[in-house]
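Let's take a friendly walk through a protein model. Keep the structure open beside you as you read.

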Amino acid sequence: WRSSATCKPWQSGRFLPRLWERCQPPSRKGINTTAGQGQQVSAQEKQVLEDLEMHPARRETENLFQEQPETGNQYLEDALLRSYLKTHLPPKVLEEVNQDLERFGNRLLTKIRPLGWECELNPPVFRQYDAWGQRVDQIVTCSAWRKMKEIAAEEGLIAEAYERRHSNWSRLHQAVKLYLFSSCSGGFNCPLAMTDGAAKVIESLGVPGSLKNAFDHLTSRDPKKFWTSGQWMTERRGGSDVANGTETVARKQPDGTYRLYGFKWFTSAADSDVTLTLARVADAEGHVKEGSSGLSLFFLKVRDEEGKLNSTQVQRLKDKLGTRQMATAELWLDGAKAELISAEGRGVASISDMLNITRIHNVICAVASMRRMISLSREYARRRVAFGKLLKDHLLHMQTIARMEVQTRGAFLLLMEIVRLLGLAETNMASEPDQLLLRLLIPVAKLYTGKQASAVVVEAMESFGGQGYMEDTGLPVILRDALVLSIWEGTTNILSLDVLRSLTKSQGEVMAVFFSTVQKKLELASSTAKLEPAMKRMRDAISSLTRFMQAAGSKGALTMELAARDFSYSLARIYTGTLLIEHAARPDASSTDISAAQRWCNQELCPAAMELENSSYETDEALQDSALVYEGSPAHGSRL
C-alpha cells in the first residue's frame, strides 16, 4: 500500500476509517482570507490561490468524479443469509442469533472495517536484531492487528462453536459470524481458522488434562486470556505431501517432553501463541520411521514465560502476493520444547480434524470475498453513470453481476450445508450417512468455492473499470487475498484425489448417501411447478453421473484419477444445484430464489460424464497431455 506525500489515508497518526476515502485537493476554504479578521494574504498564499484556480474546462468536468460505493450493515443487506436462517433455525435460536448478528453487523461497519484497513496499510515487520546486535527475532504487528485479536475474543468467534449454547446450531452461528467478519478482518480470519482447528483437535482428543489450559485459552471470550494457534506443517520439500516432506525430528527428554529439530518452510500466523506441528520421533539410536506412519502430532507454546521464543529462530517473513496483513515465516526449530499429543505414528490421523476445520474456514473466506465484491459492484452500479445512464440500467452489466450472484448464492448454501452437518456431528446428532456426506462435501466445497472466488472476484473487479485496478480503492487486496483460496489447505487437484479417497475408504457407500440425499431433497421440491425445468436438468445430471460411475468403475483406477477434478466439479454442481432448488421450494421463496436455481441448473452439471464421452480419460489422451505440455521444451522426446 503506497501513498504520496500529499495524498495520505492517514494524518497525524490518525487513521481515516473509510476504505474508499478519496483524496481531494485543498479548497479555497482551507486558507482563511477574511479581511475582517485583519489577516494579510502572503505572497505564498496568493500563489497557492492562483494555483487552485481551475481552467473552465476543468471546472465543467468536476462533476464527473466517480462516487464511491457505500454499503451498510452486511447482515441486514444479505437477503439470502437472512432467509436461510429464518428457514432453518428454531424460533428461539433465530431470535437470539438475529439480534446478535444485527448488532455485530453494526460493529463491523463502524469499528471493525476501519481496523481491517489499517491492517492492510501496516503489514508485519521482522526485526531480527536489536540496536546492540543481539538477536531478538521479533515480529512486529500493528495495533489494529492486536485489536482484532481482542475483538475476536469478545465476539466469541471461536468460543461460539464450543460453548454449544444453541446445541447443534452453535457451529452454524459461529460460521455466519466468521462469514460476516471475513472481509472486514484485515486478514485475521486466517489465524482464527487455525485456532479453531487446534481447538477441534484438542476436543477430539477428549481435552486431556495437559491440554485443558490451552483449550480454555483457545476458546476464551476474555481478550486477556485468548490465544491464537498456528499450524506448522509445510517443510522444505513441499506442502500437501507431508508423509514424504516432513523432516523435523522429535527427541524425547527424561521428563517426558520432546525437543523438536527441523525447518518449517511456511508457517502462517507466526505471531500466534501456540501451534500444532508434525514431527518424526527418533528412537534411542536416533533413527526415524519414514512415511505417514512415522509422523506424530505435537503441541508447543511459541514463547516461554519470559516472552522469548521457544528455541526457535525466525529465518525471514514470506513475501506473499496476498494475505500480507498476516505474518508468515520460515522457522528453524532448534530444540523447541513440545508435547506429544497423538499416539506415536498417528499424527496425520490426529491432525485431520484441524484440516477439516481450516478447509471449512477456507470456504467461508471464499464465499465472503464473493459476497463483498458483489455488494460493492451492485452499489457502484447505482452511482456510476456511463453512456448517459447508470450502470444498473445497462442490461448487459446487470446480467454479468447476476451471473456472479448465482455463483455466490450456490456457494453460500453449500457452506451452510457443511456447517449444519458439522453441528450435528459435534453434538452427537449426526447419523452415519450424515458423517459420510460431511467427509465428502468438505473437500468438494473447498476446491470448488476456491475456484469460484477467483473467477467472481476478478469479474467483479472488472465491473469497476479502471477504478478496480487502483490500490487505494481496496479492491486489489480482495483479489490478491482470494487467489490463495484455491492453493492453501490443499490445491484443487490434491483435494480432488482426496475426494476419491473418501469413496475408497467408504467402499463406495458415500456415493450411495450422496445420491439418496439429493433424491430426497428433489422429491420435497417436486410440487413447485416453476422449478420443473431445473428439476429435469438435475435428474438428467444425476443419471449422467450414475452412468459415469458405472463406466469409470469398469475402466480402472487410471480413469478415475484422470477424471478426479471433473468428477469433483460434478459433485459440487449437482449438490449445490439441489440446495438451490430446495431453497427455492420454500413456501415463502421469492422469484429470485427460483431464478437462481434455474440459472444454476442451466450450466453443464456433470462435466465428468461429458469428458468421458469425449474420451478425455483414455491412456492415449494422457500421453498426449504430456506431449502438448512439453512440445518444444528440452524434455520433449525424452521419456516423460
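We start with confidence, then visit the core, a hairpin and a helix.

This is a predicted model, and its protein chain averages a pLDDT of 90, with 89% of the residues scoring at least 70. The stretch over residues 1–41 has a pLDDT below 50, although it makes 61 contacts in the model beyond near neighbours in sequence. Where pLDDT is low, the predicted coordinates should not be read in detail.

Now turn to the inside. The largest nonpolar core holds 162 residues, and among those with the most contacts inside it are L85, F514 and F567. Helix α11 (residues 347–381) gives the largest share of this core, 16 residues. Which residues does F567 touch? Its partners include V499, L503, F548 and A608, leaving aside residues up to four places away in sequence. A second, separate core of 19 residues includes L260 and A327.

Strands β3 (residues 125–129) and β4 (residues 135–140) pair in the antiparallel sense over four bridges. F126 in β3 stands opposite I139 in β4. Five residues lie between the two strands.

Finally, look at helix α21 (residues 619–630). Its 12 residues should span 16 Å at 1.5 Å a residue, and the end C-alpha atoms are 17 Å apart, so the two values agree.

| Residue | Where | Phi |
|---|---|---|
| G133 | hairpin of β3 and β4 | near 85° |
| G632 | following α21 | near 90° |

Terms used:
Residues numbered from 1 in each chain as written. Predicted model: local features only at pLDDT ≥ 70, side-chain atom pairs only at ≥ 80, totals over all residues. Heavy atoms only, no water. Core = buried A, V, L, I, M, F, W, Y, C linked by side-chain atoms within 4.5 Å. Buried < 20%, exposed > 50% of the residue type's maximum accessible area, 1.4 Å probe, protein only. Contact = heavy atoms within 4.5 Å. Pairing = 2+ DSSP bridges. pLDDT = per-residue confidence, 0-100. Expected span 1.5 Å × (residues − 1).
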